[in-house]
Each structure stands twice: as structure tokens, then as C-alpha cells.
Amino acid sequence: MSVHLPPLPPTPGEEYKPTGRSIADLVAEEHRQLLELTRRLIEPGPDPEHGRDVLVAALSRHLSGEEQYLLPAVRHAVADANPLVDEVLAGDVELLRTLQGLTDDALPEVAARVEAHARAVDPLMRRLCAAATEEELIRLGNRLEIAEEAAPTRPHPAVPHSPPWNRIVEPAVGVVDKVRDVLAGRHTQLGELTEPPPR
């Protein structure tokens with residue numbers, strides 16, 4: 001196995017094939033949606049209702065999921081990837097800092113940082129796809145989706161950004177964020193926008 005994942009439980013008879021979406025497909029879709037949302041928020045014209053709150057929440061979840069599963073998998077499976085992963089992590093922290101107290105004036109900077117993030121992650125994803133099996137990519141996709149469900153919905157640049165600590169701290173912080181979101185009536189899902197970005 002080229003990517004470090006816990007072994008699958010034994011199954012009698014046929015070989016087990018996980019179901020779900022590949023991490024490559026999930027990350028590519030999320031990058032497209034985030035780039036589209038940032039574009040819509042900075043272009044002239046009506047902003048999507050709740051757009052800034054949803055952007056902050058979606059980016060916070062996305063970065064958390066990548067940091068918990070994608071980037072560690074790249075470190076493990078791709079030769080000489082550590083400096084590139086470190087650059088992505090440093091950019092993620094800066095992006096999270098920019099998201100804190102997001103204003104309309106900061107949206108162009110956020111858009112530029114999201115574009116830079118996608119440009120940095122995409123080649124790492126291609127290298128991971130070359131090193132991993134389709135089964136491993138699907139299993140990583142399943143883990144990414146679970147991590148994003150439990151992830152914080154607000155930027156927390158000071159929390160740990162590498163396993164194992166981020167896998168412990170971020171879900172706990174995510175619970176607090178979700179309680180705050182419910183109490184504030186804050187919208188955090190792309191589907192809650194008046195016109196969600198296309199999938």
C-alpha cells in the first residue's frame with residue numbers, strides 16, 4: 001500500500017471495494033466552488049445572501065480536511081514532497097488569518113489566496129494520484145468528507161495544522177463553532193446561498 005491508511009477489515013470471499021468519491025474529485029470540486037464563490041463576492045452586482053459567512057465556513061472546513069488527510073497522505077506517498085506541503089500549510093495559516101473578521105475590502109486578497117492555494121495543491125494531488133491506488137484515493141475521500149463534517153466553521157489559525165493534534169483539536173473546536181453558528185443563526189453551507197455555486 002502506497003498511502004498510510006489503517007488496514008481494511010477482513011471480508012470473506014470477494015475483495016472489498018470501498019464506495020464513495022475519490023479525494024481528487026472532492027478537492028477539485030471544492031476548489032471550483034470556492035473560486036466561483038470568491039469571484040461572485042468580489043464582482044460588481046448583488047452578492048449571494050450570506051455569502052461571506054458561507055465562504056468563511058466552507059474554506060475553514062476545506063482547509064481542515066486537507067490538513068488532516070490530504071497533506072499527510074502526500075507526505076507519506078510522494079517523494080520529496082515535504083517542502084511543498086510545508087509551503088501549502090504556511091499559505092493555509094495566512095489564508096485563515098485573512099478570513100478572521102472578513103470584510104468586503106479583504107475579499108480580493110482572499111480570492112488571490114484561494115487561487116494560490118488551489119495552484120499549490122493541484123500538482124500535489126496529481127502526484128498523489130500517481131502514487132496511490134483508486135481504492136486508497138476513495139478511502140481518503142471518505143475520510144476527507146467525515147473530517148469536513150466535524151471541522152471548524154470559523155478560522156482558527158493558532159490550532160495545530162498537522163496530525164495527530166489537528167485530528168484531536170479541530171473536531172472539538174468544530175463543536176464549539178457549530179453551537180455558536182446555531183445561536184447566531186449563521187449560514188455555513190454552500191447550499192444555503194441564494195444561488196449556490198455549481199457542483
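Select helix 2 (51-77): this helix supplies five residues, the largest share, to the lining of the second largest pocket. Helices are DSSP runs of H or I with at least four residues, numbered from the N terminus. The model is a predicted one, in which local features need pLDDT of at least 70 and side-chain atom pairs count only at pLDDT 80 or more, while totals for chains, interfaces and linings use all residues. Residues are numbered from 1 along each chain as its sequence is written, and side-chain values use heavy atoms, with hydrogens and water left out.

**Second largest pocket**

The volume here is about 200 Å³. Show His4, Leu5, Tyr69, Pro72 and Arg167, the closest to the centre among the 13 lining residues. Helix 2 and helix 5 are the elements that give two or more residues to this lining. By class, the lining has eight nonpolar, three polar and two charged residues. For these classes, Ala, Val, Leu, Ile, Met, Phe, Trp, Tyr, Cys and Pro are nonpolar, Asp, Glu, Lys and Arg are charged, and the others, Gly among them, are polar.

Pockets and cavities are found on a 1 Å grid over the protein atoms alone: a cavity is a set of points where a 1.4 Å probe fits but cannot get out, a pocket is an open set with protein on both sides within 12 Å along at least five of seven lines, and lining residues have an atom within 4 Å of a point. Grid points are joined across faces, edges and corners, and a volume is the space filled by probe spheres set on the points.

**Largest pocket**

The lining comprises six nonpolar, four polar and eight charged residues.

**Largest cavity**

The structure holds one cavity of 30 Å³ or more. The largest cavity contains about 60 Å³ of space. Select its lining, which includes Ser60, Leu63, Ser64, Glu67, Arg154 and His156. Helix 2 gives the most here, four residues.

**Nonpolar cores**

A nonpolar core is a set of buried Ala, Val, Leu, Ile, Met, Phe, Trp, Tyr and Cys residues joined through side-chain atoms within 4.5 Å. Buried means under 20% relative accessible area, exposed over 50%, and partly exposed in between (1.4 Å probe, protein chains only). In the largest core, of 26 residues, select Val3, Ile23, Leu70, Val74, Leu128 and Leu140, which touch the most other members. Helix 2 gives the most to this core, six residues. Now centre on Leu140: not counting residues up to four places away in sequence, this residue touches Val3, Leu5, Ile23, Tyr69, Ala73 and Leu128. Contact means heavy atoms within 4.5 Å. A second, separate core has 19 residues, including Leu41, Val56, Leu59 and Leu96.

**Helix 4**

Select helix 4 (107-131). Its buried residues include Val114, His117, Val121 and Leu128, and the buried residues of this helix pack against helix 1, helix 2, helix 3 and helix 5.

**Thr188**

Finish at Thr188, in the segment after helix 6 (165-184). Why does Thr188 count as buried? Its relative accessibility is 10%. Leaving out residues up to four places away in sequence, Thr188 touches Val54, Ala57, Ala58, Arg61, Thr153 and Asp181.
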